[in-house]
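Please inspect the model first.

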Amino acid sequence: MAAFTGINHLAMVTADMDRTVHFWRDLLGMRLVVGLGHPGYRHYFFEITAKDTIAFFEWPGVKPVAEKDHGAPVRGPAAFDHLSFGVESLEELGRLKDLLEANDFWASEFIDHGFIISLYSFDPNNIPIEFSYPVPEYEVHAHPIMIDSHPTPAAMEGSEPRPERWREAVPSDSDHGIYPGEAEAVRAAFIKKT
């Protein structure tokens, strides 16, 4: 099995990097930890936790996604529904609700999902976002639950991975080389700063 360490980054898109920076860094308090760019290209990373980030490409002329309620089904092409960020307390959910509303961003009432209590909103790019407080009494990571009245056959097999369904990776002679991206510029800036 793969040894995942979390979500390195989620890559989103914006047409207005300044507005995006002001929302994610200044309003939500996520540090801007990497800013890559040159004329016609920007890719900025904001720190969610010590190991997880959300990143934005700036694509001039891109239009924000149409506003869609979180979890509302759509027809046709779709890639994802919304992003959810964990918070430590109900008080933090309240602080975020007050902060969003004070800055003219819509924020839902708290929704109790049993194992999490959630607050919903949208970023300036109409990206649907959720803030979730895990209810301590219902720790689903330690005790997974399935309450779907008609679960899929795969879900009925339980919560544990079944890697035997897939072929194992076979060591190959294929090129596993590392190709240069922005490495030289990032390393030079890092060395200069430290």
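## Packing of helix α2

The buried residues of α2 pack against α1 (17-27), β7 and β8. Contact means heavy atoms within 4.5 Å. Helices (H or I, at least four residues) and strands (E, at least two) are DSSP runs, numbered from the N terminus.

This is a predicted model: local features need pLDDT of at least 70, side-chain atom pairs count only at pLDDT 80 or more, and totals for chains, interfaces and linings use all residues. Residues are numbered from 1 along each chain as its sequence is written, and side-chain values use heavy atoms, leaving out hydrogens and water.

Buried in α2 are L93, G94, L96, K97 and L100. They lie on the same side of α2, because they cover an arc of only 165 degrees around the axis. The arc is taken over the directions from the helix axis to the C-beta atoms. On the other side of α2, E91, D98 and A102 are exposed. Buried means under 20% relative accessible area, exposed over 50%, partly exposed in between (1.4 Å probe, protein chains only).

Just after α2, D104 has a positive phi of about 65 degrees.

## The sheet

The open sheet has 4 strands in the order β5-β8-β7-β6, with mixed pairing. Its edge strands are β5 (83-86) and β6 (111-112), each pairing on one side only. Two strands pair if DSSP finds at least two bridges between them.

β5 and β8 (residues 128-134) pair in the parallel sense over 4 bridges. F85 stands opposite F131 in β8.
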